[in-house]
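Dear colleague,

I am passing on the structure below, together with some notes on what turned up when I went through it. Please read the notes with the structure open beside them.

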Amino acid sequence: MDPIIVDIPEEVLPGIGFDFEDVASVFRDAAAGACSSILRRLFKFKSSLCSVMEPGSFVFMDDFTLYDAMGAFEIGEPRLDSGLILENQTTPLFDPDAPLLPQELCWIMDRAFAYEMEWHFGNPLCHSVFTLLYIHALSGIDPEFVDPHALTSFGPSRPPELVYYVLRSWVMGLLKCCDLSWRELSKGCVQEMEDWQGDKCDISLLEGTPVKFVASKLQEASMWLQKATHIPVLWRNALRARMSLRMTILQLMQVDVFSSPSDYQNLIDSAREQLMLIRSHPSPEPGTVSPALHAFDPYIARLLKTNVPLRVLSIPPFEETWKAIDRLLDGWQEACLLAQAHCLSTWEIVGNLRVWLPNPPLRIPYLRSYMQSTFYDGLMILNKFSFSWMMDHFFLETLGVSYTNLIKAIAPFCTESCASQLSTVENLLYKARLICLMNLIAPHIKGQWLNPPRRRRHLVNSLLNWHKVYDMLSEITTSLESTLLPKTSIAMHLPKVPLVWRLSAIREIIFSGFQLELLSLEERPFAYYYASQVIEDHLSCLDDLIPVVVKDSSAYQDFKFQHDLLTAIQLISVATFVSCMVTLNFDSSRMRSAFFRRYKWAFQPEYDDISTPAVGHPELYRLLPLCADTYLDDSFSPSATIGLAREILRSLVSAGFSGGWSSLWATDRLEFVKGLIGVCDRLNNLPSSVAGLDSFDVKTLKWDVQVHPWFPFVDKPVRTAP
């Protein structure tokens, strides 16, 4: 067969017209084995290119547009171009077999603890935990495969067991703790890339290694330390404390909180003891020639499979790390206590307090996910209760009567003569029960432990379902009116149950706007006015429920507390609204656009398909007439209103009254009340009358979420000396 001859014109060959370097000879030399010639040619070729450009200069190409430049922006940007190594970013060579002193080992562990907490605070693994180079050299420090020549550099003060037994087992415990945390965080209770970073960069977290195996290695290393009399007692105890803390944290992450609450609490107490020992034996900063300084590489992300921009974390002092671990133990202890609190309202109270109170700070994502998993694991409530239990308690804690008993109370009055009403009631109750179980109660409790912005969004999305249940229960009471059921029966107050929860959600949506700093200055007066109206509707519900709830029951006690607390918050809201009323923008078009943008959730078209009018929705048309009436009301005094709120709050604190469902968190609930008393004290200089608003400088009203998340304070102007 004749060979096929293809004639390709020279002008269509790629590269024609460009000044390319001919490297054909490089391949010929490679085939001939001339490696040295290749290196010389490549070096000469590279040097000739680099010699043309000066630092800071640019090379422009024809038809290279701004769009192309923006597409290549990351090239040369230190955070985005992982290949760009600046002069101050070079790291010394790391030797995993380098001997270490006990105090150097303590410092490495402490710094690794700090990086671990930085990951829990939302930083990527490649910027935090994975900067510990012993993680990437774990197989190289296996005592079964250690090079005998590496042991010659060790001595009595730097025994090899510190690296091959103690440090290796501790690093294994660190990785396994990260693995267990990653599994909890990946359940979907918190949001990846929003609350936490889950990219493992193809680095093993010992996913296939059993927890018992890692714990046994930690135990063996701790036992060796106990017998290592050649190590000074001070640092031997310091190392054992760090080993014990790692093993206890590993056990806390692995053990079931429901299996044995007493054993769980013992683990927490043990961890606190070890943490106290660690604080009493702080690790010194290594010397300038210490190999411990080379154990961390903040630029390790250059060598890992990740698309996260490079960032060097600033590690806080070790004392801040111990405080963070202490708060982690506090969170586990609170989870242990809540696991034994078989009460929906208690869970909701604690969730609210963790958002409202500045201390403790917002729980880390791992704890917030752990709380949600503890309440509902996808199968059972609190690991033992069914949905029927949750439905019973939902009504029991709101009306003082369980759902089952309510049905029993209604059934005798639904006789054969009103069979249609009975059928309607049963169908509506079934639909309401499904909505409550699937879309409201459990998600509402779990939603208390979302991050604040997502928690607010969750509350907004739940309002429509709450109103659907309210509509169904309203139809039930309408059907029951034609029966012989007494009008004073508690069953006639069924619609108040979802309404109370819905109004609480609306109030939280309004005040979270202040806490998240979403509201502009001109939006704040209406927000306070709207909050006072929602609270008024809530108080009206409580006024109807308190007389029919069993006296001295937990529901009754909690209603009384809520009534006093909401009254005080309403008074503060009204006084603040009147005091900052002048900041309103009375341009109707601007006011309407801001109103519908901020409260668009209240105008969803789905509400038009529900016959029962929604309660607690904002009404802008009432605002301007109210402002005019307020300016004409000579009897209203903002400062006196604040004083009345202060007296109500002080009476709650002095009586130690925290409601019926606060349980072990009664002190925290009263701390929130004390915070509102502080709000009243800081608003003491509000005008004493409406007439005084003309001389009141509204600019002295300052909002600072660090002072209080909801309400402002009057900043006294600094008087300069004449």
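**Pockets, cavities, core and salt bridges**

In this structure, which is a predicted model, the largest pocket is lined by 22 residues, and those that lie nearest its centre are V355, W356, L357, P358 and N359. The volume of this pocket is about 540 Å³. Helix 10 (344-356), helix 15 (452-480) and helix 22 (666-682) each supply at least two residues of its lining, and the largest share, four residues, comes from helix 22. Sorted by class, the lining of the largest pocket divides into 14 nonpolar, five polar and three charged residues.

The second largest pocket holds about 380 Å³ of space. Its lining is made up of 21 residues, of which E184, K187, D256, Y370 and S373 are the closest to its centre. Two or more residues of this lining come from each of helix 5, helix 7 (233-254) and helix 11 (365-375), with helix 11 giving the largest share, four residues. The classes here are ten nonpolar, five polar and six charged residues.

The largest cavity has a volume of about 490 Å³, and of the 29 residues that line it, E348, N352, S504, R507 and Q562 lie nearest its centre. The elements that give two or more residues to this lining are helix 10, helix 12 (387-399), helix 15, helix 16, helix 18 (554-579) and helix 22. Helix 18 provides the largest share of the lining of the largest cavity, seven residues, while the lining as a whole has 14 nonpolar, eight polar and seven charged residues.

In soluble globular proteins, nonpolar side chains tend to be buried together. The largest nonpolar core in this model has 220 residues, and those with the most contacts inside it are I108, L132, Y134 and W332. Helix 5 (residues 161-185) contributes the largest share of this core, 14 residues. To take one of these residues, L132 touches I108, A112, V171, L174, A295 and F296, leaving aside residues up to four places away in sequence.

The last topic is charge pairing. Side chains of opposite charge can pair when their charged atoms come close. The structure holds 27 salt bridges, including one in which the side chains of D195 and R368 meet at 3.2 Å, N to O. This pair links distant parts of the chain, since D195 sits in the loop between helix 5 and helix 6 (211-227) and R368 in helix 11, 173 residues apart. Both D195 and R368 are buried.

A second salt bridge joins K496 and D544, with the closest N and O atoms 3.8 Å apart. Because K496 lies in helix 16 (residues 496-515) and D544 in helix 17 (residues 524-545), the pair ties together parts that are 48 residues apart in sequence. D544 counts as partly exposed, because its relative accessibility is 33%.

A third, between the side chains of E619 and R622, has an N to O distance of 2.4 Å. E619 has 33% relative accessibility and therefore counts as partly exposed, and R622, at 41% relative accessibility, also counts as partly exposed. Finally, E334, R354, R363 and D668 are linked in a network of salt bridges.

With best regards

Key. Residues are numbered from 1 along each chain as its sequence is written. This is a predicted model: local features need pLDDT of at least 70, side-chain atom pairs count only at pLDDT 80 or more; totals for chains, interfaces and linings use all residues. Side-chain values use heavy atoms; hydrogens and water are left out. A nonpolar core is a set of buried Ala, Val, Leu, Ile, Met, Phe, Trp, Tyr and Cys residues joined through side-chain atoms within 4.5 Å. Buried means under 20% relative accessible area, exposed over 50%, partly exposed in between (1.4 Å probe, protein chains only). Contact means heavy atoms within 4.5 Å. On a 1 Å grid over the protein atoms alone, a cavity is a set of points where a 1.4 Å probe fits but cannot get out, and a pocket is an open set with protein on both sides within 12 Å along at least five of seven lines; lining residues have an atom within 4 Å of a point. Grid points are joined across faces, edges and corners, and a volume is the space filled by probe spheres set on the points. Ala, Val, Leu, Ile, Met, Phe, Trp, Tyr, Cys and Pro count as nonpolar, Asp, Glu, Lys and Arg as charged, and the others, Gly among them, as polar. A salt bridge is a side-chain nitrogen of Lys or Arg within 4 Å of a carboxyl oxygen of Asp or Glu.
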